[in-house]
Amino acid sequence: MLTKFSTLSSTSLAVAISGFIGLVAPQAYAADPQVSTNNSWQFAEDPEYSYAKGTASQLISIKEAVLHHTLSIKINRSMIDSFTFKVGCMLQNPTPLLELKVNSLDIRLFDSFNDFVFARFIVDNGQEYSLRGDLAGRNRILFAPVTKNQERSLADLFLQMREGGTLKIGLLQGDSNNVRLYEIPLAGFMDYSDSLIQSCQNFNRAYRGERPYLPDYMAKEPDGYAPKDFSLKEEEEVIDPYAPKPVVVEETVEVSKKETPKPEVLPFAPGGGPASIGPDGRPIGAAGGVDTAKQGSQVDRSLGNAQGPMQIGPDGKPVMSNGANTTQDNKATTAPAQAPAPTEPQNELMQENGEEQGGGMFDIF
């Protein structure tokens, strides 16, 4: 009897469990799977308003009582590296402010003591803006319209983000450190931008005071915050495929050939002067040479007017040949055939001089 009861009980329990699973399983599988909100724009109520919404307290602030929204996106670059970019509203100004939530180590120690940073913004290689960001915590940076110039920059930047493709943010780390870059896709931003502008205007109507502004120099980027000649803008070369190709014309340069003058022929002359060398390898004009000089300024100076071998007379002077021309007054003179006989005293004097010197009678050379 006990065995039958135990068998029945186990069977009933199995049927009951299977029926419960059958009822629960369709409901569990019917629910839609959760899709991650990372890398996509999210339009939601501001956290300060959502926290105090529905309360009966009469001591809540305007930020908690008036409805306003934020438009945010979270970018995961790796498993441990992520940042959040948010566009929200502020009470004192209808212009939207920008918020960048980064790793606390991305903010340098010098800026954390000053409670403000400077960053560069650019949309699709357009105009580059330099904005001052105030620290609101250890890793939250708010880029608000604190000055009139920064208000205009934020308004222009917001309009470019509506039609842009990518927003680049460069968090400056000083002139000796690399700039930390953040890229944010703008696909889907325009779908919520009009609603965000309307929300910021409604939120600003609750503010009854004047817009407070700081002096413009407070939001001007000082020297030493960025490396020299740093810019987020990339230099792009625009190439038109339908542009006509330039025709290359080869310029012919006419080289004028300068005729080199023929060198002057220098015939050989005694005395060790310069002389031209002929094709036979011998000086031109020398005895046995193949070529002889026929022109040149050195021809007349080297050859002279001699008609034969030089002769020395008894007086030790060269004997002029018959028919030779002299250089004085262009008159032809003939040398005597024989020199006059020397007188006896002269012979005696020459003998005495020759004996004293111990040489010959006519040692001319």
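The following dialogue examines selected features of a predicted protein model.

Residues are numbered from 1 along each chain as its sequence is written. In this predicted model, local features need pLDDT of at least 70 and side-chain atom pairs count only at pLDDT 80 or more, while totals for chains, interfaces and linings use all residues, and side-chain values use heavy atoms, with hydrogens and water left out.

Student: How many helices and strands does the protein hold?

Tutor: Helices (H or I, at least four residues) and strands (E, at least two) are DSSP runs, numbered from the N terminus. On that basis, the secondary structure comes to eight helices and 11 strands.

Student: Which residues does the disulfide join?

Tutor: A disulfide is a pair of cysteine sulfur atoms within 2.5 Å, and the structure holds one. The S to S distance is 2.0 Å, and the residues joined are C89 and C200. The pair links distant parts of the chain, 111 residues apart: strand β3 (residues 82–90) contains C89, and helix α6 (residues 189–205) contains C200.

Student: Is the disulfide of C89 and C200 left-handed or right-handed?

Tutor: The handedness rests on the torsion about the S-S bond. That torsion is about -80°, so the disulfide of C89 and C200 is left-handed.

Student: Is C200 buried or exposed?

Tutor: Buried means under 20% relative accessible area, exposed over 50%, and partly exposed in between (1.4 Å probe, protein chains only). Because the relative accessible area of C200 is 0%, C200 is buried.

Student: Which residues have the most contacts inside the largest nonpolar core?

Tutor: A nonpolar core is a set of buried Ala, Val, Leu, Ile, Met, Phe, Trp, Tyr and Cys residues joined through side-chain atoms within 4.5 Å. The largest one has 36 residues, and those with the most contacts inside it are F85, F121, L157, M161, L167 and I169.

Student: Which residues does Q173 touch, not counting residues up to four places away in sequence?

Tutor: Q173 lies in the loop between β8 (166–171) and β9 (180–185), and is buried, with a relative accessible area of 8%. Contact means heavy atoms within 4.5 Å. With residues up to four places away in sequence not counted, Q173 touches D106, R108, N178, R180 and Y225.

Student: Which residue has its backbone oxygen 2.9 Å from a polar atom of the Q173 side chain?

Tutor: Among the residues that Q173 touches are D106 and R108. The backbone oxygen lying 2.9 Å from a polar atom of the Q173 side chain belongs to D106.

Terms used: Polar contact = N/O pair within 3.5 Å; in protein donor to acceptor, adjacent residues only side chain to side chain.
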